[in-house]
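Q: Could you take a close look at one part of this protein with me? I would like to go through the annotated positions one by one and then see what lies around them.

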Amino acid sequence: MDDDFGADEDFLAALASSASATSRAQPSLPRPQQPHPPPRNIQQPTPQRMDKAPPVRSSTNNNKVVQPTPQALPQRASGSAILVSPRQRGNPVLASLKSMPWEYSNIAADYGLGLTTCALFLSLKYHRLHPEYIYTRIRNLQGKYSLRILLTMVDIPNHEEPIRELAKTSLVNNVTVILCWSAAEAARYLELYKSYEHANFNAIRGQQASTYAEKLVEFVTVPRSVNKSDAVALVSNFGSLKNAINADPEQIGIIAGWGAVKVNKWVGAVEEPFRAKNLLDRQLGSRAIDMPRMVDERHQRFLKSRGRIACPQAESLPTPPSPPPPTYIPQNGRANAVKEAFQRSWDGYRKFAFPNDTLKPVSNTFGNDRNSWGASAVDALSTAIIMENKEVVGQILDFVPRINFDETTTEVSVFETTIRYLGGLLAGYDMLKGPMKDVATNQEDVDGLLTQAKRLADNLKVAFRTPTGIPDNALIYDPIPRKKGSDTNGIATIGTLVLEWTRLSDVTGDTQYANLSQRGEEFLLKPNEEVFPGLLGTDVFIANGTFADRSGGWNGGTDSFYEYLIKMWVYDQKRFSLYKERWIAAADSSIQFLASNPTTRPDLTFLAAYNNRQLRFISTHLACFDGGNFILGGLVLKEQKYVDFGIRLTEACRETYKQTAAGIGPEIFRWYDDRAPVNDTLNPPPPANQTEFYQRAGFWIRRDGGSYVLRPEVIESYYYAYRATGDVKYQDWAWDAFLAINKTCNVGSGFSSITNVDDPKGGSFDDFQESFWFAEVLKYSYLIQATDAKVQVEVADNKWVFNTEAHPFQVAQSSI
């Protein structure tokens, strides 16, 4: 350890008084397992409370430390196998024990690792529900082992406080706490302790650097990912360690082998402040020991070494400098491949489907699922602008004035029409009037986008003519638009209009559109009831604004309501602070109540759905946008906890792609969570034919959920993760997803939905190329690789906010 604590006599006396009274017996050679003899009645000294000052000792003994009389432990057979208590049946750790044999045995501990070593296993999730459990287990050991390990599974998000309490308990009870984040990691610790059962100290002592060159390399390689070759290259390039420390990141980045990740790690390590208060204490000769703070600082450093940084005590650390902004690496070859896929999709649509809504690429025909207004063309516009595809942009601009938004023979969804048509028109107008104006050859055509956006909204605004202002999501044209007369509307279809309609008011100067959308939203911002703080039901009665149910989550029907809460604050901090507060409440409740870890893959985190506060461990491809939304919230609020949680959600959704035969995520998936009882509806076990898949993947595909309909949400979260971190692995993951989709969905004149992602060939084709394939999948796949594109999400000072269809709007304020 690198702590410098004063070794005064009172401190040594306190440690001595709490030391074990037993001495370690000499290990014997392994022999066949024998019944354990009854333990001797070994007298244990009274443990000292480490969170209080040690007792004052009498001066009559001249302050000498009196050690208790050593007593021999009873001999026990050891054997080569790890002994496992029957209590551990079903623990995933057992499946990860590969290099050591194990067998069940009636022992007081959970794992017997030798004559004098044992381990107790504790899940923090279980500890949160049953805090008294671990204290009883430690008490029942009754001094039977010299080395007692508390193997702690960190499987909850807010783990700092329980770990701090366990650290104090470990000091009082002479227990060693080991933290692990997966079953495989826990198994490695057990095998390591068992393998060193008879080893002397030389076997575990690390090799010490002896020469100056070795010590220099050892110092430079402290940051993770920096290897010995990198260290030699760094010092050789700058001539000395001092010059290397003072070098600019741009100078370091040109050294061979030093990419953005390594540069950020190195700069962060050398700029991190030392603990100035401890240094001052030593200079003043202070010998006082604050044991609770000592424990907390050791815990802080341990969390930091694992990449999990708890909040430091303000009086111990100076304010750290702001981290350097991420460095982005353009992948031009990949970006060009995405542009080729866009062009192929557009060419097929224009040849066989234009000006209808949707291409059917297998049969080379078309569909009109979005009112025959040319949905694919309008959805493709913003992506074509970002790709600077002037030919396609010109074709769409020429078409838009000819769209007749006054006529349709099919029911109109106010929600879908807003996010696709109104969003696409306004985004095109914003970009072509702003930084992308050179992409349009005729500015009069650009003005036509706004004219048509206003014409469309004027037809849709009848939906808001209700007693509460909550819109009816369904309209009928006969021939003048009228409400269908729905009784309820969902929070997503109510709450995902406000960004587009507010933007229309801000651009035109006509406030009626913003007022219409925001009036109904008030019933969601100030609801009559909540299921969890900030988390609502799904459907609302249009007549009075009260909730019709208590079910919800981050899936379809509720998803984009939560998405837009933080995006409205990104759009304008001055007007929409309440939206921000409501997002924070929803995000915090989601972390506290909905975060769930599958039993077979506790390293994964998904958000459960709920019904009357009962969790349903089910999610969808659609919900995988949640990682990106948490990351965006963390960036604009400057709250790292939301970024970190969003990264965890994103990494879990990555597994839904990685584990399937086609390399693409399913539409609907489930998992099992052991914190709730088995229930055929809420928490069912995996079906027999998917048990093996669940053991490996941590989820299983619902019987009717194996399709892929060209959804963007996983790649969308990769994009936000990359913009937040600059870590190229997210570019790689997005590229892997694009390659899998290109391989499996590429058919006929375009790309089609498929029926089975767990078939290497995707099952069969649905013969449908969704319009959001243009708007979202291809846009996010392009932007994550084309880092020099003019419209991007930024870590700070965002100029753009993307609607739920990935259409970018210029923000009203530039203060973020």
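Which residues does the UniProt annotation "active site" cover?

A: Happy to walk through it. Please keep in mind that this is a predicted model. The "active site" annotation, which comes from an unreviewed UniProt entry, covers Glu-416, Asp-559, Glu-667 and Glu-713.

Let's begin with Asp-559. Asp-559 is placed in helix H23, which spans residues 559-571. Because its relative accessibility is 11%, under the 20% cut-off, Asp-559 counts as buried. Setting aside residues up to four places away in sequence, Asp-559 touches Ala-492, Trp-554, Leu-622 and Phe-625.

Not counting residues up to four places away in sequence, Glu-667 touches Ser-619, Thr-620 and His-621, along with Gly-705, Ser-707, Val-709 and Arg-711.

Ser-707 sits in the loop between strand E23 (700-701) and helix H28 (713-725). Its relative accessible area is 18%, so Ser-707 is buried. Apart from neighbours within four places in sequence, Ser-707 is in contact with Gly-665, Pro-666 and Glu-667, and also with Ile-754, Thr-755, Asn-756 and Val-757. Another pair to look at is Ser-707 and Gly-762: they are 55 residues apart in sequence, while their C-alpha atoms are 8.3 Å apart in space.

The unreviewed UniProt entry places the feature "binding site" at Thr-804. Thr-804 lies in the loop that runs between strand E26 (800-802) and strand E27 (808-810). Thr-804 counts as buried because its relative accessibility is 17%. Leaving out neighbours within four places in sequence, Thr-804 is in contact with Ile-419, Thr-496, Ser-560, Glu-563, Tyr-564 and Glu-776. For one of these partners there is side-chain detail: the side chain of Thr-804 makes a polar contact with the side chain of Glu-563, at 2.8 Å.

Now for the nonpolar residues. In soluble globular proteins, nonpolar side chains tend to be buried together. The largest nonpolar core here has 163 residues. Those with the most contacts inside this core are Leu-432, Trp-554, Tyr-562, Trp-583, Phe-630, Ile-664 and Tyr-708. Helix H18 (residues 414-432) gives the most to the core, with 11 residues. Trp-554 has already come up, as one of the residues that Asp-559 touches. Tyr-562 shows what the surroundings of a core residue look like. Apart from neighbours within four places in sequence, Tyr-562 is in contact with Ile-491, Gly-534, Leu-535, Leu-536 and Gly-553, and with Trp-554, Trp-583, Ala-586, Tyr-610 and Asn-629 as well.

Strand E11 (residues 412-413) and strand E12 (residues 474-477) pair in the antiparallel sense over two bridges. In E12, Leu-475 is the bridge partner of Val-412. E12 also pairs with strand E13 (residues 481-483), in the antiparallel sense over three bridges. In E13, Lys-483 stands opposite Leu-475. E12 and E13 form a hairpin, with three residues between them.

For context, here is another sheet in the chain. It is an open sheet of six strands in the order E4-E3-E5-E6-E7-E8, with mixed pairing. Its edge strands are E4 (102-104) and E8 (176-180), each of which pairs on one side only. Strand E6 (residues 117-123) and strand E7 (residues 147-153) pair in the parallel sense over seven bridges, and Leu-122 stands opposite Thr-152 in E7. Helix H4 (residues 133-141) lies across E6 and E7 and runs at about 170 degrees to E6. Helix H6 (residues 183-195) packs on the sheet too, touching E3, E5, E6, E7 and E8, and its direction makes about 140 degrees with that of E8.

Finally, the whole chain. There are 30 helices and 27 strands in it. Of its 816 residues, 53% count as buried. Among contacts between residues at least 6 apart in sequence, 70% join residues at least 24 apart.

Terms used. Residues numbered from 1 in each chain as written. Predicted model: local features only at pLDDT ≥ 70, side-chain atom pairs only at ≥ 80, totals over all residues. Heavy atoms only, no water. UniProt positions renumbered as here; feature names shortened; annotations may be inferred. Helix = DSSP H or I, 4+ residues; strand = E, 2+ residues; numbered from the N terminus. Buried < 20%, exposed > 50% of the residue type's maximum accessible area, 1.4 Å probe, protein only. Contact = heavy atoms within 4.5 Å. Polar contact = N/O pair within 3.5 Å; in protein donor to acceptor, adjacent residues only side chain to side chain. Core = buried A, V, L, I, M, F, W, Y, C linked by side-chain atoms within 4.5 Å. Pairing = 2+ DSSP bridges. Axes fitted to C-alpha atoms, helices over the stretch in contact; angles between N-to-C directions.
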